[in-house]
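Let's take a walk through the disulfides of this protein. Have the chain open on your screen as you read.

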Amino acid sequence: MLKASRRLFACALVVGALFAVAGPAGTPLPVSTAGAYIGDCTPQSNWGTLRQDLVSQVLTLVNQNRATYGLGALKLSPTLTNSAIWKSRHMAYYQYMQHDDPAPPFARTVADRIGACGYSSFAGWGENIAYGYQSPSAVMDAWMNSPGHRANILNGSYKVIGIGVAAAANGLLYWTQDFGTVDDSGTTTPPPPPPPVTTPPLVTTATAAAGYASIFTGTLVGGSAASLGAADGSTYQVASAGGITSWYGQINGVAKSAKSLTVTYTGSNTAACNQTVYIYVWGTSSWNVLDTRSVGSTSTTITASAAGTLANYVSGSSTTGSVAVAVKCTGTSSFTALGDALKLTYTY
């Protein structure tokens, strides 16, 4: 079992956020060649005891410090909260202190964990961790007196935060703060600008599947972006939050000169809900509805073509860009959305 070497310890890691000047969304989280992150975001039941009662106090102290320096308040991100909870409970159980997650159950980087918890693939991020401090005021005083942690808390690029606190069997508290530059606290946040893209092959018709997937509302409980490559029963699974699921997939390398754009989405839900499929309009930062209908446990395929000026649906100003497609479902009770395939066929 991993053991922490000191009773009182805190450390900070900033990746991407310090480089936010390179782009409006910061340095993107890396993804594997399959478009998936390592592991999942579900803590094991026997890990550290969650202390949700302390979260609101930490958030209040963070925003009080930011206000003192004229900075906007941070909102709570559901995805970063899940990442912070996973980290604190894992550290509390195995009693260690480091940012990267050691096995068991899997070894991965902070970026892998944040991505596996559903946070935007293109966001800048930072993390503070500590243990042994037994109150929110004590750990915040320690963080604010440490240059690296203070820089995270007072970073003007950050818009959201996730906070996790867990108690070990011996009563020691383990603290995590995860920060992000993309606000995913609501249900309608559009995807940020895409990464650089390459020139498409010289063909007149092409079909491409979503290379990235990210959740706005709900929790990833199975699958990955790679699951959306074909209607083969391997699904991208999102559990609802408050009776809602919403997520988007991004198809890269689409010709800016496209003459037609046709979206094909195949999926189902464990309970019937009102499903709407959208396509993102980059120029106006808005979503256009492609299809809306009730979808239950029977797998349903929708095919819809984008109308109007098609270049508006392809990002950037170079010869190729990205198309973002979102799927939102609203039900009357808890359910899991099962995305089986998300593809784009275009001609140019």
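Predicted model: local features only at pLDDT ≥ 70, side-chain atom pairs only at ≥ 80, totals over all residues.

Residues are numbered from 1 along each chain as its sequence is written, and side-chain values use heavy atoms, with hydrogens and water left out.

A disulfide is a covalent bond between the sulfur atoms of two cysteines. Here it is called as a pair of cysteine sulfur atoms within 2.5 Å. Searching the whole structure on that basis turns up 2 disulfides. Counting bonded cysteines along the chain, their pattern is 1-2, 3-4.

| Disulfide | S to S | Angle about the S-S bond | Hand |
|---|---|---|---|
| C41 to C117 | 1.9 Å | 90° | right-handed |
| C273 to C329 | 2.0 Å | 95° | right-handed |

Take the link of C41 and C117, with its S to S value of 1.9 Å. C41 sits in the loop between strand 1 (9–15) and strand 2 (49–50), and C117 in the loop between helix 3 (110–116) and strand 4 (125–131), so the bond ties together parts 76 residues apart in sequence. Helices (H or I, at least four residues) and strands (E, at least two) are DSSP runs, numbered from the N terminus. C41 and C117 are both buried; buried means under 20% relative accessible area, with a 1.4 Å probe and protein chains only.

Now for the disulfide that joins C273 to C329. C273 belongs to strand 13 (residues 273–281) and C329 to strand 16 (residues 320–330), so this pair ties together parts that are 56 residues apart in sequence. C273 counts as buried because its relative accessibility is 4%, and C329 counts as buried at 2%.

How values were computed: Buried < 20%, exposed > 50% of the residue type's maximum accessible area, 1.4 Å probe, protein only.
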